[in-house]
Amino acid sequence: MNVKEIKDLLKLLGITSKDQLNEKDINYWWRKRYVYLKHENYPLDEKNKDLRMLNNIKDEISKYSLSFIKSFL
């Protein structure tokens, strides 16, 4: 996975700056986005798809060290 792809995944979690990762970890931002989507009012099948996607993003990003991720933000 290249840097642009990782940045795109981070954006989907709502992470756009290194400061955010200095304040809270990836799990925090994942949980915040997950709860937000879970309480949004839209079709259940789409919501479930989006929530699975967030889980997959978190799993993919967790493969990289926090210092590596911060280095290109």
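Helices here are DSSP runs of H or I with at least four residues, strands are E runs of at least two, and both are numbered from the N terminus. On that basis, this predicted model reads α-α-α-α-α along the sequence. That makes five helices and zero strands.

Some ground rules before the details. Residue numbers start from 1 along each chain as its sequence is written, and side-chain values use heavy atoms, with hydrogens and water left out. As the model is predicted, local features need pLDDT of at least 70 and side-chain atom pairs count only at pLDDT 80 or more, while totals for chains, interfaces and linings use all residues.

**Overall shape**

- The radius of gyration, taken over C-alpha atoms, is compared with a globule rule of 2.2 Å times the number of residues to the power 0.38.
- For 73 residues a compact globule would come out near 11 Å, and the protein's 12 Å agrees with that.
- Along the principal axes, the C-alpha trace spans about 40 × 25 × 15 Å.

**Surface and contacts**

- Accessible areas come from the Shrake-Rupley method with a 1.4 Å probe, and for residues only the protein chains shown count as cover.
- The accessible surface is about 5000 Å², and carbon and sulfur atoms own 50% of it.
- Buried means under 20% relative accessible area, exposed means over 50%, and partly exposed is in between (1.4 Å probe, protein chains only).
- Of the 73 residues, 26% count as buried.
- Taking contact as heavy atoms within 4.5 Å, residues 24 or more positions apart supply 60% of the contacts with a separation of 6 or more.

**Aromatic pairs**

- Rings of Phe, Tyr and Trp (its six-membered ring) pair if their centres lie within 6.5 Å; planes under 30 degrees apart are stacked, over 60 edge-to-face, and the rest tilted.
- The structure has four such pairs.
- One of them is Tyr-28 with Trp-29, edge-to-face because the planes sit at 85°, with the centres 4.8 Å apart.
- Within that pair, Trp-29 is buried at 9% relative accessible area, whereas Tyr-28 is partly exposed at 28%.
- Tyr-64 and Phe-68 are stacked instead, at 5.5 Å centre to centre and 25° between the planes.

**Lysines over rings**

- A charge sits over a ring if NZ of Lys or CZ of Arg is within 6 Å of the ring centre and within 35 degrees of the ring normal.
- Lys-58 lies over the face of Trp-30, 4.6 Å from the ring centre.
- Lys-47 lies over the face of Tyr-42, 5.8 Å from the ring centre.
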